[in-house]
Amino acid sequence: MNYRTNGMESKPLLELFLVFSLLITKVSAKTGFGPGDQDWGYVDIRPGAHMFYWLYYTTADVANYTERPLAIWLQGGPGLSSTGLGNFDQLGPIDMHGNERNWTWVKQMNVLFIDSPFGSGFSYVDNITLLPSTNNEIARDLLAFIKVFYERHREFEEVPLHIFTQSYGGKMAPEFALELYRAIERGEVRSNLKSVAMGGPWTSPIDSIMARAPLLFHMGLIDRRAHNEIMEQAQQAMKYVNEGNHEAMLQDFMRRRVSLALGIPQHIKWGQHEEDIFYHLKEEIMKPAVHIVSELLNNTNVKVSVFTGQLDLICATPGTINWIEKLQWSHREEYLKAPRLPIRIDGRIEGYEKSGGNFTLFWVNQAGHVVPADNPRAMNYILRKCTELY
């Protein structure tokens, strides 16, 4: 049979090629924990340092999963688990009770959970001296990881990549995105990096801390005396930021059911080094990363978004607005003059958005620090807006 390279006569050959490509790209898919095809495993970033990832292929009604974007989720902490908290507590296909989640991101796109930095979740080091001590080390470790990931999954190299994160991830994700962008420019890696979005970000710690007392006071939850006491404490604040409410239950869930389902070696204990991570990064906790966001906006074409819950007290929304308005970037005036538009979903206002240049801020109603879980309807809008899935 003679097939030409153009015209309708090439269609059977093209269809055969597409089927063959689908079989090849699905070769790594496995049945894991929960519905749908998955892939997971370790990447040895350097001797003695092992990073764990968990990929969920989208369950969207498409011919090939590569028709939908790839979203990376990075948890905050630092040291909290993406494969645990992000997956089962917020946006994965099932929750920690084993029930299917209606608003899972996997229904719309491929989702890659990465336990970063080392020591969080199932990621581990052979010696705690190998844990990172700076955010730049975390970013470079993630860059090393994504290079190996693309080697294992070449089909994702041209798929739009979007990095999502929460809390302390508001310092990790921008730096990772910047390192990845530079690596793409140097020709070190092929990636279709499109955007980075930060939820309840700890990008400027002092702004978050200083905003807590006024927010509590104006919500009527404290009086003036308590306000003043909190403000005094805020001046010296160097406390650990805890963003999980179900840590004990989740630890048992991850160490038993999930570890067994994924075949995690028995010597690896989920979340074992969370406190060690925090200690190693203690010098970084209070440092701002606003300049990294400015560099992304000024020197790359990566879209940057922030989404923040109106009731967030850990990274209080007024503080987030304060550091955003201080950003020095080429479209600053455009953003400041832009209108704040309501987000209407089924006739109900779920929040607001404001954009300028490559930057957008989303205010989310009826949500605290964990927007994907607190208001999944609004988060779904933000997700589709950031990834251009209209």
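**Entry 1: the largest cavity**

I began with the largest cavity, where α14 supplies the largest share of the lining, four residues. I am working from a predicted model, in which local features need pLDDT of at least 70, side-chain atom pairs count only at pLDDT 80 or more, and totals for chains, interfaces and linings use all residues. Residues are numbered from 1 along each chain as its sequence is written, and side-chain values use heavy atoms, with hydrogens and water left out.

For cavities I used a 1 Å grid over the protein atoms alone, a cavity being a set of points where a 1.4 Å probe fits but cannot get out, and lining residues being those with an atom within 4 Å of a point. Grid points are joined across faces, edges and corners, and a volume is the space filled by probe spheres set on the points. I noted two cavities of 30 Å³ or more by this rule, and the largest cavity has a volume of about 40 Å³.

I then listed the lining of the largest cavity as Trp-103, Trp-105, Gln-108, Pro-372, Pro-376, Met-379, Asn-380 and Leu-383.

**Entry 2: α14**

Helices (H or I, at least four residues) and strands (E, at least two) are DSSP runs, numbered from the N terminus. The end C-alpha atoms of α14 are 16 Å apart, in agreement with the 16 Å that its twelve residues should span at 1.5 Å a residue, the expected span being 1.5 Å times one less than the number of residues.

Which residues of α14 are buried? I found Ala-378, Met-379, Asn-380, Ile-382, Leu-383, Cys-386 and Thr-387 to be buried, taking buried as under 20% relative accessible area, exposed as over 50% and partly exposed as in between (1.4 Å probe, protein chains only). Just after α14, I saw that Glu-388 takes a positive phi of about 60°.

**Entry 3: the second largest pocket**

A pocket is an open set of points with protein on both sides within 12 Å along at least five of seven lines. I looked up the second largest pocket, which holds about 210 Å³ of space and has a lining of 15 residues, with Lys-303, Ser-305, Ser-355, Thr-360 and Lys-385 nearest its centre. Two or more residues of this lining come from each of β9 (303–309), β11 (348–356), β12 (359–364) and α14 (376–387). I counted five nonpolar, six polar and four charged residues in the lining of this pocket.

**Entry 4: two buried loop residues**

Gln-75 sits in the loop between β4 (70–74) and α2 (82–91), and I noted it as buried because its relative accessibility is 0%. Its side chain makes a polar contact of 2.6 Å with the side chain of Trp-73, and a polar atom of the Gln-75 side chain lies 3.1 Å from the backbone nitrogen of Gly-86. A polar contact is a pair of N or O atoms within 3.5 Å; within protein, one must be able to donate a hydrogen and the other to accept it, and residues adjacent in sequence count only if both atoms are side-chain atoms. From C-alpha to C-alpha, I found Gln-75 and Gln-166 to be 5.7 Å apart in space, although they are 91 residues apart in sequence.

**Entry 5: backbone exceptions**

Most residues other than glycine have a negative phi, and most peptide bonds are trans. I noted a cis peptide bond between Gly-77 and Pro-78, with omega about 0°, and Pro-78 lies in the loop between β4 and α2. The bond from Ser-116 to Pro-117 is also cis, with omega near 5°, and Pro-117 lies in the loop between β5 and β6 (124–125).

Asp-346, in the loop between β10 (341–345) and β11, has a positive phi of about 55° and is exposed, because its relative accessibility is 70%. Gln-366, in the loop between β12 and α13 (371–374), has a positive phi near 50° and counts as partly exposed at 47% relative accessibility.

Definitions and conventions
Nonpolar A, V, L, I, M, F, W, Y, C, P; charged D, E, K, R; others polar.
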